[in-house]
Amino acid sequence: MAKSLRSKWKRKMRAEKRKKNAPKELARLQSILKTNSDVVMDEVREVVTVVAAEKILEKKDSDDGNKMDMDAKRNQKTLLDQHGQYPVWMNPRQRKKLKAKRVKGKNKSKAPKGLTW
């Protein structure tokens, strides 16, 4: 449902805001972990690991070659898998349009209309 231009813009701006506020949040989390409060911080340190955003982005960029091979048997042109099924995310309108395109290409062997004598 969230496909409108407004929602795309909002998502983009939220992402930029997260990027801008990440250093502040990291500093705040680290300061909380350093202070001695009611919670035992040693237990929290065992559960939570604080990693800088740059390291995560570098790791994400280096893992681009590792793809899951779930859709390896899917035709890229027609989006059909080996059983003739479309992906679950595709809506019926798109399926109908692709099927019409496929069938249009197959029906070229019909006999011409008109008199046959």
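Of the 117 residues in this protein, 9% count as buried. Buried means under 20% relative accessible area, exposed means over 50%, and partly exposed is in between, with a 1.4 Å probe and protein chains only.

A word on the source. This is a predicted model, where local features need pLDDT of at least 70, side-chain atom pairs need 80 or more, and totals for chains, interfaces and linings use all residues. Residues are numbered from 1 along each chain as its sequence is written, and side-chain values use heavy atoms, without hydrogens or water.

Now confidence. pLDDT is the predictor's confidence in each residue, from 0 to 100. The protein's mean is 79, and 70% of its residues reach 70 or more.

Next, the layout. The protein has four helices and zero strands. Both kinds are DSSP runs numbered from the N terminus: helices are H or I, at least four residues, and strands are E, at least two. Contact means heavy atoms within 4.5 Å. Of the contacts with a separation of 6 or more, 6% are between residues 24 or more positions apart.

Look at α1, residues 5–34. How far apart are its end C-alpha atoms? They are 43 Å apart, which agrees with the 44 Å that 30 residues should span at 1.5 Å a residue. The expected span is 1.5 Å times one less than the number of residues. α1 also bends by about 45° at Asn21, and Pro23 follows within four residues. That bend is the angle between axes fitted to the seven residues ending there and the seven starting there.

Last stop: the loop between α3 (53–62) and α4 (92–106), where Leu79 lies. Leu79 has a positive phi of about 65°, although it is not a glycine. Most residues other than glycine have a negative phi. Leu79 counts as partly exposed because its relative accessibility is 22%.

Arg74 sits in that loop too. Arg74 is buried, at 16% relative accessibility. A polar atom of the Arg74 side chain lies 2.8 Å from the backbone oxygen of Leu79.

Thr78 is another residue of this loop. Is Thr78 buried or exposed? Thr78 is buried, at 16%. Beyond four places in sequence, Thr78 touches Tyr86, Leu98 and Arg102.

How values were computed:
Polar contact = N/O pair within 3.5 Å; in protein donor to acceptor, adjacent residues only side chain to side chain.
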